[in-house]
Amino acid sequence: MMTIEKVMAMLGEMKKGEKALIKSISGADRFVRRRLLDLGIAEGAEVCIKCVLPFGGPVMLESCGQCVGIRRREAFRIEVERV
Amino acid sequence: MDIALIGNPNTGKTSLFNNLTGSYEYVGNWSGVTVEKKVGILKNQRDQLIDLPGVYTLNPLSKDEGVVTIFFLNEPFDMLLNILDASQLRRNLHLTIQLLEFGAPIVIGLNMVDVAGNRGIKIDSRNLSACLGVPVVPVVARTGKGCDSLAEMISAEAGQPDIAFEVDYGPAVEKATAALKEKLAGRTKIPARWLAIQFLEGNQYVREFLLNFIGGSELNELLEFVETQLKTDGVKETLEQYMYRKRSEAIETVVARSMVRTEGAGTPLSEKIDRIATNKILGIPLFLLLMYLMFMLTFDWLGFPLSDALDAVITGPVTDWISAGLAAVGASEFINALILDGIVAGVGGVLVFVPQIFILFFFISLLEDSGYMARVALVMDRVMEAAGLNGKAFIPMMIGFGCNVPGIMAARTIETPKERLLTILLTPLMSCSARLPVYALFAGAFFAGDKALIVLSLYVLGIVVALILAKIFSITVLKGETSLFVIELPPYRVPQIQALWRSTWEKGKGFVKKAGTFIFAGSVLIWLLSYAGPGGLKVPMDDSYLAMIGGIFAPIFAPIGFGTWQAGASLLTGFLAKESIISTMNIIYFVPDEATLQGLLSQHFTPLAAYSFMVFILLYVPCLATAATIYKETGSRRWTAFSIGYALLIAYLLSFIVYQGGKLAGWA
Ligand SMILES: Nc1nc2c(ncn2[C@@H]2O[C@H](COP(=O)(O)OP(=O)(O)OP(=O)(O)O)[C@@H](O)[C@H]2O)c(=O)[nH]1
Ligand SMILES: [Mg+2]
């Protein structure tokens, strides 16, 4: 149980270069969720944080060779599991 | 035969369209370049190819993605040409499956096989074809490789397909399909299964379509039936998620049979570039530096000397030849004056700036084709968010530096209606290439030492005013709606010289063409107005009709520093096209060359008034073509009038501040 506490996180907390598996995107805005699905970023997909822009700016994710930018606020509504 | 080109955004549909039809439609390396359907004739001279905006699914998220769904439901077509990005097969197949469910004849063009290859992805097109039951042709749309066999395949494939592929959505969905089929009782040609699947996934357009045949309560019952059925089967997801998962599972089996992964070669180039381009600290400075370089090359280092040289040619040898020619044919004094003082001065005065405009367009094309555009949107998002917009709004603005019309069209990719409207309204503040001649002339005359800096200040002013107004509008006239931002970042592509030149030419062509038609006709008219007056022909210019018309406006402009009839007349023509300002001035102050004109201008303007004039030109009214586009895109007379009204107001206000403030500071 203790270990689970440690690996679960929100996407928005992750740092540049870290990798994670998407656990749930149902907390994100409907529009963002649909777009992420369109781009193949669904539950179970592995993502890697490519960069985090300053002053609370967007984050850039990579999944299966596809890069996507989303706002930090939305990233904080996506549950992930660090790998 | 009508063939519709369908695929995910940025998969190379338009590149292929251009290749197959020999056209030069707009290609760029970001998602959402094509915003309108385009029709072309295939090289066999028989079939029509229809290029559509890219979509991820047929279930649209925003109104503008609905274009494709509406096309699907309402317009006749005989065949689908589905373009897949081989390097992103899984995600592309979601759309393909929806197309297959529709049951129309379909050919798949497997594009970007070169990119996939570089990433260590190999796709067996024969296996893919066998899995799906439709022909698959590998192509590289960028170079044209494979396009001939694709064209052949399209011509050969006309009959019904034998689609071997079907996703198993489970018994509940199949039961719903059967029920829907019964209710429709053959009243539409569109397959019931496709309608059922789209409806269950929440496609509003399909729901509305079904309402033509079936009552709303019956539809809701159908939906509830499937939802309860799934719940009893122990499905926890929403219906939409469930359908997505079922499709993904089916895709996995296809991919397993047709895709081979070998080791990709090291870190992709894109990733290396992005380490700097989207770097936390370097991102914005790098963008500004690139803008500065583009700017200096256009206005100072390269463009300026070229324009000067061209000016010398036009005012020197070209004018000499024309006057020699006129003398040889014994032209009357009137014709002589019309051609030399009207047309050569008016049109030539604009053509002089062709080199600078082409350099600017070259850089914009480079930006579009490389993939940097989407990065700029990402890097600028934080700033744009503060102004009540999102980073994607920066793309129309950048394009607007070339010409506001395509810039405003590009705003269609912005998903939220409020942000899109804001972008449409504010893009005209971006200093387009037609305003460039005015700056070049005035900055050269009054601020020769630091002309590039002065012009740069105007471009920056345009952006700053746009951002401030965005904020003001979004808390007053355009309240509400949360701002959203998801952007796809395509891999960088090394621009090809030929493609770059083509797209530079396609953009710059408009400028040259306008000079030859619109500006030409305008010059004739302006010259006539300056030649004739209440006192007859060949009056002194101050007594001409032009002076009378311009004089009406002169008093209004007096408080902002240029209360002359000359300024009034040129600003009036500037509404038709911004280049007209320069051609009008050239005719009014008719002088043999640019240098003399600059000397003459300094008698009519003080440097402060000149700057105020440039600020006014930057901001005042969108040109006629831009206003027409705003009307077309917003579909509202009110917003079009608003865009003209606020621009005039803000232009006057800022010029007033500049001029009166400057005078108080003792600069005049
Ligand atoms: N490497 C490579 N690049 C390609 C290929 N086909 C197209 N491109 C590039 O991909 C980018 C997108 O091409 P477009 O033809 O504009 O794509 P589209 O599908 O029409 O895009 P939207 O209109 O935005 O949906 C451009 O930069 C093309 O040069 C290909 O086969 N290989
Ligand atoms: Mg296109």
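**Strand pairing in a predicted model: legends to close-up views**

**View 1. Strand E1 of chain B and its parallel partners.** In this predicted model, E1(B) runs parallel to strand E4 (residues 79–85) of chain B and is joined to that strand by five bridges, where strands (E, at least two residues) and helices (H or I, at least four) are DSSP runs numbered from the N terminus, and two strands count as paired if DSSP finds at least two bridges between them. Within this pairing, B:Ile3 stands opposite B:Met79 of E4(B). E1(B) also pairs in the parallel sense with strand E3 (residues 48–51) of chain B, over four bridges, and here B:Asp2 faces B:Gln48. Of the six residues of E1(B), which spans residues 2–7, five are buried (under 20% relative accessible area, with a 1.4 Å probe and protein chains only).

**View 2. An open sheet with strands from chains A and B.** Seven strands follow one another in the order E1(A)-E6(A)-E2(A)-E3(A)-E4(A)-E5(A)-E9(B), with antiparallel pairing. Because E1 (8–10) of chain A and E9 (486–489) of chain B each have a single partner strand, one side of each is left without a neighbour in the sheet. The twist averages 40° from one strand to the next (angles run from 0 to 180 degrees between N-to-C directions of axes fitted to C-alpha atoms, for helices over the stretch in contact).

**View 3. Strands E4 and E5 of chain A.** Five bridges link E4 (residues 59–63) and E5 (residues 66–70) of chain A in the antiparallel sense, and A:Leu61 has A:Val68 as its bridge partner in E5(A).

Residues are numbered from 1 along each chain as its sequence is written, and chains are lettered from A in the order in which they are written. Local features need pLDDT of at least 70, side-chain atom pairs count only at pLDDT 80 or more, and totals for chains, interfaces and linings use all residues, while side-chain values use heavy atoms, leaving out hydrogens and water.

How values were computed:
Buried means under 20% relative accessible area, exposed over 50%, partly exposed in between (1.4 Å probe, protein chains only).
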